[in-house]
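Thanks, everyone; I would like to walk through a few side chains in this model and how they sit among their surroundings. Please have the structure open while I talk.

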Amino acid sequence: MVILGWSLIILLFVIGMVGAVYPILPGALAIYAAFFVYGFFFSFEPFGFWFWFIQTVIVIAITIGDYLVSALGVKKFGGSKASVWGSTIGLLIGPFVIPAFGLILGPFIGALIGELYHGSSLKQAATVGVGSVLGFFSSVVVKIVLQVLMIIFFIVWI
């Protein structure tokens, strides 16, 4: 049971870290679930109020920050709400439509289409598309840092 427990925990950590890049995977929630797996297989005793409070705050920060950082990238380059929506939709479907490059092209094309729909010029729409990709990459960096922090905090805590 020990091997199964740790295997599930490590698998959830890996899914969580991959989820920092692929928005379809649960990301921080998978890492958070690993803490429950540890509790069910081993013990919840090491985890007190402060552990759960800090980890929950990090998960909430990742969830809110993910959207805000990506949207900020679009807005900073002059994007409209339509381009924010387009970027988000492109980020979700891009990896499926264009498997190798969908993570980059999806948000770019989505923001481009959203901005063109809004009535902007092609040059402005392309600039906003670049901003959406930069926002996505910034969001990934923030998620990776915070999720690694969650894992380190877990290891130190137990």
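Gln55 is buried, with a relative accessible area of 0%, where buried means under 20% relative accessible area, exposed means over 50%, and partly exposed lies in between, using a 1.4 Å probe and protein chains only. Before I go on, this is a predicted model, in which local features need pLDDT of at least 70 and side-chain atom pairs count only at pLDDT 80 or more, while totals for chains, interfaces and linings use all residues. Residues are numbered from 1 along each chain as its sequence is written, and side-chain values use heavy atoms, with hydrogens and water left out.

Gln55 belongs to helix α3, residues 49–76, helices being DSSP runs of H or I with at least four residues, and strands runs of E with at least two, numbered from the N terminus.

Turning to the aromatic rings, the count comes to 29 aromatic pairs, under a rule by which rings of Phe, Tyr and Trp (its six-membered ring) pair if their centres lie within 6.5 Å, with planes under 30 degrees apart called stacked, over 60 edge-to-face and the rest tilted. One of them is the tilted pair of Phe47 and Phe154, at 6.0 Å centre to centre and 40° between the planes. Phe47 lies in the loop between α2 (28–41) and α3, and Phe154 in helix α6 (residues 122–157), so this pair ties together parts that are 107 residues apart in sequence. Phe154 is buried at 0% relative accessible area, and Phe47 also counts as buried, at 7%. Phe51 and Phe153 form a stacked pair, with 5.7 Å centre to centre and 5° between the planes, and this pair links helix α3 to helix α6 across 102 residues.

Finally, Glu115 in helix α5, residues 102–118, counts as buried at 2% relative accessibility, and a polar atom of its side chain lies 3.0 Å from the backbone nitrogen of Ser80.

Note on methods. Polar contact = N/O pair within 3.5 Å; in protein donor to acceptor, adjacent residues only side chain to side chain.
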